Amino acid sequence: MSVQIFTPREFHRQAHDALGDPQIRANFRKAMDGLMTKRREVFGDWDLETLRELGANIRLRALSKLPDLLEQLEASCQANGIKVHWAEDGEEACRIIREICESHDAGSVIKGKSMVSEEMHLNAHLEEAGIEALESDLGEYLVQLNEQTPSHIIMPAIHLNTDEISEILHVKTGTERTRDVDYMTAAARSQLRQRFMNADVGVSGVNFAVAETGTLCLVENEGNGRMTTSVPPVHIAVTGIEKVVEHLRDVPPLYALLTRSATGQHVTTYFNMISSPRKQGEHDGPREVHLVLVDNGRSSIYQDDELLDTLRCIRCGACMNHCPVYTRVGGHTYGTTYPGPIGSILSPHLMGLEDTKDLPTASSLCGACGEVCPVKIPIPDLLVRLRRESVGEGRGNVPGAGVKRTRKEAAAWKGFQWLATHPGAWRAGISMAGKLKALMPAKLGPWTDYRSAPKPAGTTLHALVKRHQASKAHEEER
Amino acid sequence: MSARDTILKRLRERTDGPLSAPESDFAVVTNRGWSAEERLSRFERLITSVHGEVIHAPREAWTDTLAKALADKGVRRLALGKEHPVAAEAREALADVGIELVDVDRDIEHWQREQFENVDAGLTSTQGGVAETGSLWLWPTPDEPRLISLVPPIHIAVLDADALEDTFFDVVESHGWADGMPTNALLISGPSKTADIEQTLAYGVHGPRELLVLVRHAGDAPGDKT
């Protein structure tokens with residue numbers, strides 16, 4: 001298997017390649033069908049709309065008080081003995097984490113799943129500084145062995161099937177080739193247990209950070225998150241600034257929405273709530289806990305009432321599971337840390353529209369993502385907003401706004417606008433189009449690659465309606 | 001200006017102005033109104049659906065059930081606390097059955113490899129359970145540290161049937177969690193699992209391969225279905 005570099009700039013070419021790869025399409029189709037069914041079943045006996053309403057309210061309330069809650073979170077954590085750091089961007093966050101590692105002479109870091117660490121390319125940064133960073137979530141571990149990036153925010157290795165995974169483990173770790181999932185899981189377990197024991201630092205993400213109590217909540221099934229945050233002597237948690245919630249009581253509804261939306265589970269195996277480093281008299285757990293709060297573009301999203309909704313996200317992945325585009329092209333095609341619909345509304349802020357201009361158009365606007373979102377983010381509206389931004393018709397808040405604006409297209413729309421607001425000219429134009437239909441070209445760019453060109457009708461709809469009404473009136477007179 | 005101050009300033013000086021906070025109605029995550037029997041059957045159904053094992057025992061004779069379960073599973077070295085009544089009673093009952101009892105009131109630095117490689121099972125008490133999701137809740141202590149429910153391949157958790165509550169929200173509210181959180185609070189709902197290899201469920205990926213919940217019943221064990 002060759003290592004392929006994906007970038008959002010090449011979305012169209014990557015999508016074309018993915019669509020032509022029956023293995024990718026089969027792997028995603030099977031996985032997404034299963035996830036959609038499980039989600040539907042697990043919400044069966046719930047008042048889902050009321051729960052989503054509550055989830056959205058909790059996140060909106062947290063965002064409405066964001067600066068205050070961040071200060072409260074900092075104070076609560078510090079009172080509990082957790083050291084809090086702030087980073088304006090990914091680079092600064094990487095530097096903070098590297099410096100903590102260096103202050104402990106750390107040679108190896110074990111990682112629990114953290115999308116924000118992917119977003120800031122932490123592993124590469126640490127490796128450059130001579131610090132080994134090893135992923136411990138099984139999916140992340142497989143993806144790292146295969147020198148890839150995750151293709152889904154919840155199931156990082158969803159693009160690989162059993163045979164491919166068997167081959168990766170065989171080539172990279174010397175296990176037997178097999179289709180026995182239990183054997184492969186046990187092999188990874190024993191490989192990683194050695195690494196947990198020897199790791200100097202554990203790095204994890206955070207699902208919810210509770211301002212009221214200074215508690216960091218981690219959601220997981222495997223136990224690698226608990227290992228990462230309990231075994232090494234130092235734990236560094238890294239999170240985006242939007243993950244804060246006000247009260248501890250806000251956590252159960254969000255947790256209920258997260259597990260059910262993500263994988264159709266009533267609950268995950270572990271819900272791990274960390275409020276302090278090891279206290280006097282306790283016998284295990286890290287002696288130092290750090291929290292790194294990362295902005296990296298989030299405070300810009302925060303400025304705008306409409307875009308703000310992007311920050312409600314609890315990273316469940318339901319929008320990608322239900323997206324007809326994601327299911328067909330897979331996660332890597334997007335070339336971003338966050339793929340699928342949420343990625344298409346988040347990545348332009350993190351990376352600028354110059355690089356991500358195709359992503360807001362990677363949607364049929366069918367609305368499925370908005371319908372399943374557990375915190376009711378109006379994703380389709382935000383996709384449309386970013387399309388407007390990319391042609392310079394938004395409010396220009398997004399980095400790279402206007403990148404897709406061309407003089408020709410702008411002039412064409414301006415012309416259409418004039419035509420559509422001048423009925424005389426409109427009628428003349430329409431009737432002309434009908435008369436000159438023979439001159440209509442058969443090839444209309446990519447549109448006609450897979451379709452026949454539209455033929456203007458000889459008579460306009462208006463004329464037909466008028467004729468119909470006239471003949472009806474004539475009949476009634478008789 | 002520090003990163004902290006820059007970020008906070010940017011958030012405070014929001015272009016579109018201050019935001020208002022909507023009210024939150026938590027009714028949907030509470031007031032299930034289940035009876036004790038419903039709670040127990042729901043808890044058992046959900047935790048067994050994810051490969052948790054449940055056995056029932058009368059309160060007075062629970063250690064007999066424990067001894068039998070340990071023998072069935074071939075546990076030779078059991079890690080457990082000393083002070084919690086669950087640990088104390090277990091120690092007393094298991095003194096002469098040929099199972100080695102491993103002390104856990106030692107700093108992990110001194111016995112990490114032993115814990116990882118040479119302990120068959122960890123026994124812990126639990127603070128209670130959540131019926132809705134089939135979850136146990138634990139607040140590890142110096143007597144019962146956090147790793148003994150994670151590192152050994154089998155976790156045996158002792159739960160009192162009357163410590164089951166309807167929902168996680170109910171637990172957080174009725175036990176005043178917000179008034180003071182421990183170093184680590186945990187919900188555990190089954191043995192460690194993964195579906196990262198083509199959505200195929202596999203158990204025991206990093207944490208315990210088996211979770212055995214021993215439910216103790218006051219008086220006659222109504223749930224003694226074993």
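Which residues in α16(A) meet α19(A)? Let's find out by walking through this predicted model one selection at a time.

**Stop 1: two helices of chain A**

Select residues 340–351 of chain A, which make up helix α16, and then residues 379–390, which make up helix α19. On the α16(A) side, pick out A:Pro341, A:Ile342, A:Ser344, A:Ile345 and A:Pro348. They meet A:Ile379, A:Leu382, A:Leu383 and A:Leu386 in α19(A). By class, this contact has eight nonpolar residues, one polar residue and no charged ones.

Now turn the view to see how the helices lie. Their axes come within 10 Å and cross at roughly 40°, so α16(A) and α19(A) are oblique to each other. The crossing of α16(A) past α19(A) is left-handed.

**Stop 2: the sheet in chain A**

Next, show chain A as a cartoon and look for an open sheet of six strands with parallel pairing. Reading across, the order is β1-β10-β7-β4-β2-β3. Colour β1 (83–87) and β3 (132–135) of chain A: these stand at the edges with a single partner strand each, so one side of each has no neighbour in the sheet. From one strand to the next, the twist averages 25°.

Zoom in on strand β2 of chain A, residues 108–111, which pairs with β3(A) in the parallel sense over four bridges. For a landmark, select A:Ser108, whose bridge partner in β3(A) is A:Glu132.

**Stop 3: where chain B touches chain A**

Bring chain B into view. Here 67 residues of chain B are in contact with 80 residues of chain A. On the chain B side, select α1 (3–12), α5 (112–117), α6 (168–174), β9 (184–188) and β10 (193–194), each of which supplies at least two residues. The one that gives the most is α1(B), with eight residues. Colour this side of chain B by class and you will see 32 nonpolar, 20 polar and 15 charged residues.

**Stop 4: strands across the two chains**

Finish with strand β9 of chain A, residues 270–274, together with β9(B). Which way do these two strands run relative to each other, parallel or antiparallel? They run antiparallel, joined by five bridges.

Key
Residues are numbered from 1 along each chain as its sequence is written. Chains are lettered from A and ligands numbered from 1 in the order in which they are written. This is a predicted model: local features need pLDDT of at least 70, side-chain atom pairs count only at pLDDT 80 or more; totals for chains, interfaces and linings use all residues. Axes are lines fitted to C-alpha atoms, for helices over the stretch in contact, and angles run from 0 to 180 degrees between N-to-C directions. Angles under 35 degrees count as roughly parallel, over 145 as roughly antiparallel, 65 to 115 as roughly perpendicular and the rest as oblique. A crossing is left-handed if the near helix is turned anticlockwise from the far one by less than a right angle, and right-handed if clockwise. Two residues are in contact if their C-beta atoms, placed from the backbone, lie within 7 Å. Ala, Val, Leu, Ile, Met, Phe, Trp, Tyr, Cys and Pro count as nonpolar, Asp, Glu, Lys and Arg as charged, and the others, Gly among them, as polar. Two strands pair if DSSP finds at least two bridges between them.
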